Amino acid sequence: MNKKIIIGSVPIIIFLVLLAISLRPAKLTIVVDAGHGGEDPGTISPTGIYEKDINLAIAKKIAASLAQNHYKVIMLRQDDSTLSLEERYTTANAQQADFFISVHANAIENSSEVEGIQVLYYPDSEQANEQLAQQMLKQLTTTTKAADKGVIARPDLAVLRGTTMKSLLIETGFMTNEQELARLLQNTYQQKIADAVTKTVNYYIKNQILTSKK
Ligand SMILES: [Zn+2]
């Protein structure tokens with residue numbers, strides 16, 4: 001190739017590089033919300049374990065797993081700090097996040113045999129959020145082998161109601177069930193939950209579910 005052709009190709013190469021950059025899919029921003037924290041312990045198990053600590057451990061694994069999959073991840077709390085519900089959804093809205101995942105653990109009085117995962121969603125007229133919740137729950141129960149406690153419409157929950165992006169709240173298991181509580185405290189089990197969340201987010205992306213707003 002002579003010098004003239006090389007120099008003549010420079011604008012074309014620059015154009016192609018810029019085109020490739022502009023066509024690259026935008027990084028999705030995902031907010032991971034570890035439920036409760038600081039002054040608010042959430043549920044306290046009969047053995048004295050705080051829900052806020054389980055939520056944070058699992059949320060950290062979810063955040064790491066999503067970051068490894070090249071999502072931009074925002075953790076609302078990374079330590080034992082107190083955050084109001086309003087602070088949680090206003091931060092997510094201000095960051096113009098694409099998806100909001102709240103992590104919690106469940107409890108039920110006088111029913112120590114009840115166990116399993118639930119996914120809570122904000123009901124919309126097209127049942128889009130219900131489908132979103134179903135897909136998340138299916139992946140979670142498949143990966144962890146936990147019992148399926150169904151998806152639940154929660155129009156009253158502040159973090160689901162206040163967020164402007166798609167959102168879900170995962171009840172990862174019942175702290176009132178001794179065996180499930182033991183599993184929730186295991187690193188390997190927490191990692192399974194994180195893997196299931198990331199798999200589902202990847203599925204949402206593939207099917208362009210997160211590209212539309214709530
Ligand atoms: Zn909770």
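In which loop does E109 lie? In this model, which is a predicted one, local features need pLDDT of at least 70 and side-chain atom pairs count only at pLDDT 80 or more, while totals for chains, interfaces and linings use all residues. Residues are numbered from 1 along each chain as its sequence is written. E109 is found in the loop between β3 and β4 (117-121), where strands (E, at least two residues) and helices (H or I, at least four) are DSSP runs numbered from the N terminus. This residue is exposed, because 7 other C-beta atoms lie within 10 Å; a residue counts as exposed with 12 or fewer such atoms around its own C-beta, as buried with 20 or more, and as partly exposed in between, the C-beta atoms being placed from the backbone. Although E109 and T176 are 67 residues apart along the chain, their C-alpha atoms are separated by 7.6 Å.

The strands of a sheet pair through backbone hydrogen bonds, in either a parallel or an antiparallel sense. Here, 6 strands form an open sheet of mixed pairing, in the order β2-β1-β3-β6-β4-β5, two strands being taken as paired if DSSP finds at least two bridges between them. Because β2 (72-75) and β5 (148-153) each have a single partner strand, they stand at the edges, and one side of each is left without a neighbour in the sheet. Within the sheet, β4 and β6 pair in the antiparallel sense over 3 bridges, and the bridge partner of V119 in β6 is I170.

When neighbours within four places in sequence are left aside, I101 is in contact (C-beta atoms, placed from the backbone, within 7 Å) with residues including I30, I62, L168 and V197.

Helix α7 (residues 187-206) has 20 residues and reaches 29 Å from its first C-alpha to its last, close to the 28 Å expected, a span calculated as 1.5 Å times one less than the number of residues. Among the buried residues of α7 are Y189, I193, V197 and V201, and what covers the buried residues of this helix includes β1 (29-34), α2 (51-68), β3 (99-106) and β6 (166-174). The helix is followed by Q208, whose phi is positive, near 55°.

Technical notes:
Contact = placed C-beta atoms within 7 Å.
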